[in-house]
Amino acid sequence: MDDLLLFATIDELIERTKAVLEAEWELTNLGEPVKIVRIEIALGDRSVTISQCCYPESILQKEGMDRANPISMPLEHNAKFELNLDRNAGNHSNLYARLMGELQFIANAIRPDIAYAVSKLSSYTANPSMQHVTMLKRVLQYLSGTRSYGIMYHDVLGHPNQFFGYANTSFADANDLKSTTRYVFKMSGSTIL
């Protein structure tokens with residue numbers, strides 16, 4: 001059993017695609033999508049909005065942070081990330097690692113606004129310090145205040161198929177002397193994940 005979503009601007013294209021697939025396999029049409037892989041889908045007049053309210057909410061409840069005071073940024077400006085020098089042995093099966101995995105899924109699936117914070121904090125998964133745990137809780141506080149955030153793709157009048165890409169590079173980061181490159185691509189008015 002596999003799930004498949006079909007999107008097209010012309011209904012005839014969807015019908016032809018369905019006919020080709022039905023010639024090869026047995027299909028069940030479940031109608032307009034509402035949810036897939038923990039991603040909630042809302043169809044508008046000329047837009048599609050994807051969001052994830054329930055999954056972050058369950059993480060916040062599990063961590064006892066569902067009533068945390070919301071903050072406006074997932075990390076402090078110019079946050080310094082330092083190695084944990086207090087412990088020598090890393091622990092890959094810790095709670096920090098589990099939470100990082102959950103936040104990585106959210107960042108990749110629907111929330112590019114936390115991607116940088118999650119990426120930086122995941123570097124310390126094997127040996128997190130209290131500083132890293134505190135920063136991770138800050139990301140949860142940010143999620144607490146932005147639970148309803150999502151991504152809306154809409155018909156951009158006059159430029160429906162324009163594709164934009166942005167990149168930025170940081171040479172020799174002050175914390176670890178490693179260069180970092182980040183990029184984002186946008187289409188239909190929003191980020192493509």
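Ala, Val, Leu, Ile, Met, Phe, Trp, Tyr, Cys and Pro count here as nonpolar, Asp, Glu, Lys and Arg as charged, and the others, Gly among them, as polar. On that basis, the lining of the second largest pocket has 17 nonpolar, nine polar and six charged residues. The model is predicted. Its chain holds five helices and seven strands.

**Overall layout**

- Read from the N terminus, the elements follow the order α-β-β-β-α-α-α-α-β-β-β-β.
- Along the principal axes, the C-alpha atoms fill a box of roughly 65 × 35 × 35 Å.

**Helix H2 against helix H3**

- Helix H2 spans residues 54-62, and its axis lies 11 Å from that of H3.
- The two helices pack at an angle of about 160 degrees.
- Angles over 145 degrees count as roughly antiparallel, and H2 and H3 are therefore roughly antiparallel to each other.
- The crossing of H2 and H3 is left-handed.
- On the H2 side, the contact uses Tyr55, Pro56, Ile59 and Lys62.
- On the H3 side, Arg98, Leu99, Glu102, Phe105 and Ile106 take part.
- By class, the contact of H2 with H3 has six nonpolar, no polar and three charged residues.

**Helix H3 against helix H4**

- The axes of H3 and H4 come within 10 Å.
- They cross at roughly 150 degrees, which makes H3 roughly antiparallel to H4.
- H3 passes H4 in a left-handed crossing.
- H3 brings Tyr96, Met100, Leu103, Gln104 and Ala107 to the contact.
- H4 brings Ala115, Val118, Leu121 and Ser122.
- Seven residues of the contact of H3 with H4 are nonpolar, two are polar and none is charged.

**Helix H3 against helix H5**

- Helix H5 covers residues 130-145, and its axis and that of H3 come within 12 Å.
- The crossing angle of H3 and H5 is roughly 35 degrees.
- This crossing is left-handed.
- From H3, the contact takes in Tyr96, Leu99, Met100 and Leu103.
- From H5, it takes in His132, Val133, Leu136, Val139, Leu140 and Leu143.
- The contact of H3 with H5 counts nine nonpolar residues, one polar and no charged.

**The largest pocket**

- The largest pocket has a volume of about 1,900 Å³.
- Its lining is made of 44 residues.
- Leu5, Leu6, Phe7, Ile14 and Pro33 lie nearest its centre.
- Two or more lining residues come from each of helix H1 (11-24), strand E1 (35-36), strand E2 (39-43), strand E3 (47-51) and strand E4 (150-154).
- H1 gives the most to this lining, with six residues.
- The lining of the largest pocket divides into 23 nonpolar, nine polar and twelve charged residues.

**The second largest pocket**

- The second largest pocket has a volume of about 940 Å³.
- It is lined by 32 residues.
- Nearest its centre are Pro112, Ala115, Tyr116, Ala117 and Arg182.
- Helix H3 (95-109) and helix H4 (115-122) each supply at least two residues of the lining.

Conventions: Residues numbered from 1 in each chain as written. Predicted model: local features only at pLDDT ≥ 70, side-chain atom pairs only at ≥ 80, totals over all residues. Heavy atoms only, no water. 1 Å grid on protein atoms, 1.4 Å probe; cavity = no way out; pocket = protein on both sides within 12 Å on 5 of 7 lines; lining within 4 Å. Points joined across faces, edges and corners; volume = space filled by probe spheres on them. Helix = DSSP H or I, 4+ residues; strand = E, 2+ residues; numbered from the N terminus. Axes fitted to C-alpha atoms, helices over the stretch in contact; angles between N-to-C directions. Parallel < 35°, antiparallel > 145°, perpendicular 65-115°, else oblique. Left-handed = near helix turned anticlockwise from the far one by under 90°. Contact = heavy atoms within 4.5 Å.
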